[in-house]
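Me: I have a structure to go through and I'm new to it. Can we take it piece by piece?

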Amino acid sequence: MPINPLFFRKTLVAGTGLFLCVFLIVHLSANCILLLPEDIARGMYNSYSTTLRENPLIKIVAYLLYLSIILHVVYALLITIRNRKAKPQKYVMNHANENSTWSSRNMGVLGTLILIFIVIHLVNFWARIKLGFGDAVGLDIQGNKDVYEVTYSLFQNIYYVIFYTIISVPLAFHLYHGFKSGFKTLGFYHKKGLKILAKFSLGYALIMGIGFGIIPFIVYFK
């Protein structure tokens, strides 16, 4: 029996999206190290970053992460294009507010904003630390690349701080809808479970949005 292309695409978007949700938890936990006193945070953050770059197992996870981002973006775009082609004309009476949430109707816009952020984020960190673009990254007293200094310096620029904080808003909305819809796409339809999932999705989205949004400001004023 042939696989339905739309079902395959939605399943792939859901699976990669939930994988990225797990990654964000790990990423935010690491960012919380930045809130510690500098003499403690620098060594911990740089050691953590070194482990991510050099541990073979984590390298494999990192490649899966890059692949997940690409697949999530590409197939979400394909689904969006298909949906628009299927509805070339707007309905005369469209009670969108009654049938869906604002975030579900604007996932494409939210996703585009987040993609722009990811590109800028990769240029500021991954390209500089991993590929050596831009100013050379120094070493700390333990001989690790001083990623803490790169991060701290970036968050001393108020424009970057504001940008990172503003982008956390569409991130939260995207995660709120994406997290619960991802489970539904994969077949989770328990009546009471869906109500719990909706609350959990809201809590998760708020924690991620507030966490990623407020840390740059805290670092800026340290």
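Me: Is Arg42 buried or exposed?
Reply: Arg42 is buried, at a relative accessible area of 19%. Buried means under 20%, exposed means over 50%, and partly exposed is in between (1.4 Å probe, protein chains only). This is a predicted model, where local features need pLDDT of at least 70 and side-chain atom pairs count only at pLDDT 80 or more, while totals for chains, interfaces and linings use all residues. Residues are numbered from 1 along each chain as its sequence is written, and side-chain values use heavy atoms, with hydrogens and water left out.

Me: What does Arg42 form with Glu38?
Reply: A salt bridge, with the closest N and O atoms 2.5 Å apart. The term stands for a side-chain nitrogen of Lys or Arg within 4 Å of a carboxyl oxygen of Asp or Glu.

Me: Where are those two in the chain?
Reply: Both are in helix α2 (residues 38–54), and because they are four residues apart there, about one helical turn separates them. Helices are DSSP runs of H or I with at least four residues, numbered from the N terminus. Glu38 is partly exposed, at 38% relative accessible area.

Me: How many salt bridges does the structure hold?
Reply: Three. Another one joins the side chains of Asp146 and Arg42, at 2.7 Å from N to O. Asp146 sits in the loop between α7 (126–129) and α8 (147–154) and Arg42 in helix α2, so this pair ties together parts 104 residues apart in sequence. Asp146 counts as buried, with 11% relative accessibility.

Me: And what about Glu149 and Arg42?
Reply: Their side chains also meet in a salt bridge, 3.2 Å from N to O. Glu149 is in helix α8 and Arg42 in helix α2, 107 residues apart, so distant parts of the chain are linked. Glu149 counts as partly exposed at 32% relative accessibility.

Me: Which residues are in the network, then?
Reply: Glu38, Arg42, Asp146 and Glu149 are linked in a network of salt bridges.

Me: New topic. Which residues gather in the patch of positive charge?
Reply: Lys191, Lys192, Lys195 and Lys199, on the surface. A patch takes residues with over 30% relative accessible area and no salt bridge, and joins like charges within 9 Å.

Me: Where does Lys191 lie?
Reply: In helix α10, residues 191–220. Lys191 counts as exposed, at 68% relative accessibility.

Methods: Patch = residues over 30% accessible without salt bridge, like charges linked within 9 Å, V, L, I, M, F, W, Y side chains within 5 Å. Areas by Shrake-Rupley, 256 points an atom, 1.4 Å probe, with all protein chains shown as cover. Lys, Arg positive; Asp, Glu negative; His and termini not counted. Charge placed at Lys NZ, Arg CZ, Asp CG, Glu CD.
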